[in-house]
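Thanks, everyone, for making time this morning.

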2 protein chains.
Amino acid sequence: MMSAPPDSNDLFVGVDLGGTLVRAGLVNGQGHLLEWQSMPIEARQGPQAGLERIHGLIDCLVAKTDRGSLKAIGIGSTGPLDRERGTIQNPYTLPGWEDVPVANRLSQAFDVPVALENDADAAALGEFWLGAGRSVDRLYMVTIGTGVGTSFVERGAVYRGIQGAHPEGGHLVLQPGGPLCYCGARGCMESLVAGPSIMRRARELAAKLPHSQLYAMAGGDLEIVDAPLLMHAARAGDAGSLGLVDQIAAEIAQGLLNIAVLFLPNVIALGGGVFENLDLFQPAVRAAFQSAAAIGPVDKVKLVPAHLGKRAGVYGAAYAAIQLSANSS
Amino acid sequence: MMSAPPDSNDLFVGVDLGGTLVRAGLVNGQGHLLEWQSMPIEARQGPQAGLERIHGLIDCLVAKTDRGSLKAIGIGSTGPLDRERGTIQNPYTLPGWEDVPVANRLSQAFDVPVALENDADAAALGEFWLGAGRSVDRLYMVTIGTGVGTSFVERGAVYRGIQGAHPEGGHLVLQPGGPLCYCGARGCMESLVAGPSIMRRARELAAKLPHSQLYAMAGGDLEIVDAPLLMHAARAGDAGSLGLVDQIAAEIAQGLLNIAVLFLPNVIALGGGVFENLDLFQPAVRAAFQSAAAIGPVDKVKLVPAHLGKRAGVYGAAYAAIQLSANSS
């Protein structure tokens, strides 16, 4: 994707803008992190205040450097976005941020090009550059947390669909007639295995089984039952919790198998809170991949935990900045 | 993908090798079909006899042309294949054809480069070049006939997975716990909606409903019940048949929705015998796409019947030959 490797004196800023925090790092073209900052975004104070916070954060990062060495800024942001126009489009997670021209504003302020990427794509670019899918030809990343985020990075370039849009692979339908999702479908992956869905299912289970360890572990308070507690109860041998975890593992296996069958990527990188319990799900996924070997090298697709954790978005945004800088120079 | 457009005097042969017939055409770089031949492949006579038949077919096609104007040959073949080595690997549909070096043999015989493609990929390349997905950035093709074939053509290039393999998207799992498929999964798309699966389901339905129009249309002979008869009975208003067709439409809609969500292609081209009844399935698919607009431009993905019918494979194989010729010159 890049016309030339960046000069080692060239510097890039990566910004990871989430619903709660904004994180930012200053990196060089080799991926060395030179500075790191984070702060609450306080989205409810509005986009103007938010942009000023981001501006201030970048000021801190570049305070000790020559202004000329900063070559580009990348932003990975919670969506939806208009990437071409560089605007954030009223995301659910940033209330009141309607059509905010974040790329233009930062480009004018720092006099460098600014790349805007979907946060899932930024994280995958980070894992491609420095993490779980380093330099592989085809990296698919699935992040299961509050939602299910997906990204496909093909030879270092983010895959984009019609109108340049980011495909929301987390809304793959797994179970017709399953729970209704805001996406319009029933039984999509997000409606079944995202953190809040697991919490809901665990609470329903605990309510039905007041003599279970799960119920006891929550002290009888269903409000305390969540995805991590379910995993904990399953590990402690609670039969009902084990049954639900097996069911969730089968659903995750179906989702990842479908991705493996359709894309045959070299690596599927797994990120997000739910995959902190990857060992509970991996056997089901592996078995599904092995049994599909009759239709191609599905069993050769590697499942790899994401490496970069909360830094993936910042690194990936910086990598998007490097790509933009290389393509525009 | 191509370094230069082909000269209008350059000629290319496309071969479509199926389990029953081999079809071949001589085309120029503008896609004009100059000659056409087809004959039974008679696979049971063995690969040696088969290769001689293909050789003879190409001899007929090029008999009237200068030998120097033939620039390359493309073959779209029933799989599995080893594309890199140019060999056909013992496909179910060509019994006894183990590791047959079809590309090398034809390359030596005609002294031109030979491209070998999976038949689904060849058909999609044909539709990209001259048919339903002409020059679109992202063309996904789904062919439902004896099996469910898929192909993804991205800016004119066939998408390939790990080890260069062809992803068998027809084995996308739609219904956990559904019918067992040879792919190892239960409830994959092929196990539910391929022609033989529809036939099986229609026979089960007819057996249960001896007073139905479906049963009457078959004269009470279940051996006569097949996918086209089911569609016919549904059109005639048979309630049971309509119910089964609606169920199949919902499954096809789920499969195509998943492809649309994951790839956001500009066009999904629909080929094969089952889609000759596309009007029975299209409303369910359209409704599913419309309702998913909340997560991106899924509703902008066009559903288009494949245009080239039985010629798609020959045209696409010829297009693969053109690409090979351009890349090797």
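Thr78(B) is buried, with a relative accessible area of 9%, where buried means under 20% relative accessible area, exposed means over 50%, and partly exposed covers what is in between, with a 1.4 Å probe and protein chains only. This residue sits in the loop between β4 and β5 (81–82) of chain B, helices (H or I, at least four residues) and strands (E, at least two) being DSSP runs numbered from the N terminus. Its side chain is joined to that of Thr93(B) by a polar contact of 2.7 Å; by polar contact I mean a pair of N or O atoms within 3.5 Å, where within protein one must be able to donate a hydrogen and the other to accept it, and where residues adjacent in sequence count only if both atoms are side-chain atoms. If we set aside residues up to four places away in sequence, Thr78(B) touches Leu17(B), Gly18(B), Gly19(B), Pro91(B), Thr93(B), Leu94(B) and Asp119(B), contact meaning heavy atoms within 4.5 Å.

Before I go on, a word on conventions: this is a predicted model, in which local features need pLDDT of at least 70 and side-chain atom pairs count only at pLDDT 80 or more, while totals for chains, interfaces and linings use all residues. Residues are numbered from 1 along each chain as its sequence is written, chains are lettered from A and ligands numbered from 1 in the order in which they are written, and side-chain values use heavy atoms, with hydrogens and water left out.

Let me turn to Gly271(B), which belongs to strand β11 (residues 267–271) of chain B and, at 7% relative accessibility, counts as buried. Leaving aside neighbours within four places in sequence, Gly271(B) is in contact with Met141(B), Val142(B), Thr143(B), Ile144(B) and Ala306(B). The C-alpha atoms of Gly271(B) and Leu308(B) are separated by 9.0 Å, and these residues are 37 apart along the chain.

Next, the salt bridges. How many does the rule count over all chains? The count comes to 24, a salt bridge being a side-chain nitrogen of Lys or Arg within 4 Å of a carboxyl oxygen of Asp or Glu. In one of them the side chains of Glu117(A) and Arg83(A) meet at 3.9 Å, N to O. This pair links distant parts of the chain, with Glu117(A) in strand β7 (residues 114–118) of chain A and Arg83(A) in the loop between β5 (81–82) and β6 (87–88) of chain A, 34 residues apart. Glu117(A) is buried, at 4% relative accessible area, whereas Arg83(A) is partly exposed, at 28%.

In chain B, Arg201(B) forms a salt bridge with Glu251(B), the closest N and O atoms being 2.7 Å apart. Arg201(B) lies in helix α5 (residues 195–208) of chain B and Glu251(B) in helix α8 (residues 239–263) of chain B, so the pair ties together parts that are 50 residues apart in sequence. Arg201(B) is buried, with a relative accessible area of 11%, and Glu251(B) is buried as well, at 5%. Back in chain A, salt bridges that share partners join Arg83(A), Glu84(A), Glu117(A) and Arg160(A) into one network.

Finally, the interface. Chain A and chain B bury about 3400 Å² between them, 63% of it on carbon and sulfur atoms; buried area here is the accessible area (1.4 Å probe) that two parts lose on being put together, summed over both. Ile162(A), Leu262(A) and Ile295(A) supply 21% of the area that chain A buries against chain B, more than any other three residues. The contact takes 40 residues from chain A and 40 residues from chain B. Across this interface the rule finds zero salt bridges, but it does find twelve residue pairs in polar contact, both residues being at pLDDT 80 or more.

Which element gives the largest share of the side of chain A that touches chain B? That is α8(A), with seven residues.

As for symmetry, chain A can be laid on chain B with an RMSD of 0.0 Å by a turn of 180° and a shift of 0.0 Å along the axis, the copies being superposed by least squares on the C-alpha atoms of residues with pLDDT of at least 70 in both. The two copies are thus related as by a two-fold rotation axis. Moreover, 100% of the interface residues of chain A are also interface residues in chain B, so the copies meet through the same surface.
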